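Reader: I would like to learn how to read a few features of a structure. Please take them one at a time.

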Amino acid sequence: TLTLKAWDNANNSGTEQLVFYVVPRGELQLREVLNYPNPFSGATHFTFQASHACRIEIRVYTVDGRMIRRITGHWAEPGFNMVAWDGRDEVGDGLSNGVYLYRVEATADVDGKRAKTSAMNRLMVFR
């Protein structure tokens, strides 16, 4: 965290903070992986911070581990990203009330090498 404090000629001060993350060279990171709103009834958005530009794949699972939806074809830029989901399974049916798990997987070429990382979290459907 970088904090900058400055004063004007009348001795009025202002403060600003900048939060940044240092990523080891060649490493791909996902941070702050959440879905919003959570719980949701119709649709939700998966949000996350990516350290590098990367391909994203999101998989949604039941709590017993059965994959019910795979979301592909998204490209993330460094920083904040958001992927919308309509809350439906692979055949287009709405999900039943309950808790589900999701995994966000990122793949990129970082410093000339293939890097891959993932983060897992849970979501809740409440109609």
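Reader: Where is Leu 18 found?

Author: Leu 18 is found in strand 2, residues 13-18. This is a predicted model.

Reader: Is Leu 18 buried, partly exposed or exposed?

Author: Buried means under 20% relative accessible area and exposed means over 50%, with partly exposed in between. Leu 18 has 49% relative accessibility, so it counts as partly exposed. Together with Leu 2, Phe 20 and Val 22, Leu 18 forms a nonpolar patch on the surface, with about 440 Å² of accessible area in total.

Reader: Which residues of the largest nonpolar core touch the most other members?

Author: A nonpolar core is a set of buried residues joined through side-chain atoms within 4.5 Å. Here the largest one has 27 residues, and those touching the most other members are Phe 46, Phe 48, Cys 54, Ile 56, Trp 85, Val 104 and Leu 123. Strands 3 to 9 each supply at least two residues, and strand 8 gives the most, with 6.

Reader: What does Cys 54 touch?

Author: Leaving aside residues up to four places away in sequence, Cys 54 touches Leu 28, His 74, Trp 75, Ala 76, Ala 106, Thr 107 and Ala 108.

Reader: What is phi of Glu 32?

Author: Phi of Glu 32 is near 50 degrees, a positive value in a residue other than glycine. Glu 32 belongs to strand 3.

Conventions. Residues numbered from 1 in each chain as written. Predicted model: local features only at pLDDT ≥ 70, side-chain atom pairs only at ≥ 80, totals over all residues. Heavy atoms only, no water. Buried < 20%, exposed > 50% of the residue type's maximum accessible area, 1.4 Å probe, protein only. Helix = DSSP H or I, 4+ residues; strand = E, 2+ residues; numbered from the N terminus. Contact = heavy atoms within 4.5 Å. Patch = residues over 30% accessible without salt bridge, like charges linked within 9 Å, V, L, I, M, F, W, Y side chains within 5 Å. Areas by Shrake-Rupley, 256 points an atom, 1.4 Å probe, with all protein chains shown as cover. Salt bridge = Lys/Arg side-chain N within 4 Å of Asp/Glu carboxyl O.
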